[in-house]
Amino acid sequence: APGPRSYTTLRDEAVKLFNSLQQLESERDPVPLMQGILQTCLDLPPLVDEIYCQLVKQTTEPPAPGGQGDLHYWQLLTCMSCTFLPSPPVLRFLRFHLDKTESRFPASEMAKYACFIREALGKTKRRECVPSLEEILMLMQRQEMICTVHCPGAPACSVAISSHTTAEEVAQELVSRLGLSQSPNLFALYEQSRRREQPVGSATLLADVLTRFE
């Protein structure tokens, strides 16, 4: 369909994504390539299962378990798990792969990613945007992001958020921090840019808002 990015057939795009995965193995800075793969999956949802299956294949019996190339695949799989849910059959297959990895390589980096991915899959909701470059970097390290919220009449507040944190959760935390829990007023987050200022829906994922800023 017409859009900012031009695509060919799903089959051709699947081949391109496979080539990108091969490139990912030796990429010194994998973050932009990861974001491009995620963007293609967002634009072409039928390819989500394809990429999950390819990543499971690439992380099964790798030549160098725990090597840089292997960990790049696990890092992309981590980003996928915080952005898209696979179909039920692929999800069952993926969970079996995660269990097997943790069993074969306990206390390894692969096992830590497998544990993180399993937990993420239980929280992931539909994303409006792919992860920002900052979010990808944090996911590669299995860490939370720091979001800065500017409050009227108070200094800016730093809040740790994950890929699953909603605007309502952040607003409630700030209300508690500022001692406004007994206030009869309603509170919300606002998104402000050069062009507009608008309230952020309570169920909106803050990670999507940060990607729009990026």
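Colleague: Into which domains is the protein chain divided?

Modeller: This is a predicted model, and its protein chain is divided into domain 1, covering residues 10–140, and domain 2, covering residues 145–213.

Colleague: And how far apart do the C-alpha centres of domain 1 and domain 2 lie?

Modeller: Those two centres are 29 Å apart, and the contact draws 16 residues from domain 1 and ten residues from domain 2.

Colleague: OK, how much area do domain 1 and domain 2 bury between them?

Modeller: Together domain 1 and domain 2 bury about 1100 Å², with 56% of that area falling on carbon and sulfur atoms.

Colleague: How many salt bridges are there between domain 1 and domain 2?

Modeller: The count is two salt bridges between domain 1 and domain 2. Elsewhere in the polar picture, seven residue pairs are found in polar contact across the interface of the two domains, both residues of each pair being at pLDDT 80 or more.

Colleague: Which helix gives the most to the side of domain 1 that touches domain 2?

Modeller: That is helix α7, residues 133–140, which supplies four residues to this side of domain 1. By class, the side of domain 1 touching domain 2 is made up of seven nonpolar, two polar and seven charged residues.

Colleague: Switching topic, what does UniProt list for residues 145–214?

Modeller: The UniProt record, an unreviewed entry, lists residues 145–214 as "domain: FERM". In the model, the end C-alpha atoms of residues 145–214 lie 14 Å apart, and the span is 27% helix and 23% strand.

Colleague: Back to salt bridges, what does E128 pair with?

Modeller: E128 forms a salt bridge with R212, and their closest N and O atoms are 3.2 Å apart.

Note on methods
Residues numbered from 1 in each chain as written. Predicted model: local features only at pLDDT ≥ 70, side-chain atom pairs only at ≥ 80, totals over all residues. Heavy atoms only, no water. Domains from an automatic or database assignment. Contact = heavy atoms within 4.5 Å. Buried area = accessible area lost by both parts, 1.4 Å probe. Salt bridge = Lys/Arg side-chain N within 4 Å of Asp/Glu carboxyl O. Polar contact = N/O pair within 3.5 Å; in protein donor to acceptor, adjacent residues only side chain to side chain. Helix = DSSP H or I, 4+ residues; strand = E, 2+ residues; numbered from the N terminus. Nonpolar A, V, L, I, M, F, W, Y, C, P; charged D, E, K, R; others polar. UniProt positions renumbered as here; feature names shortened; annotations may be inferred.
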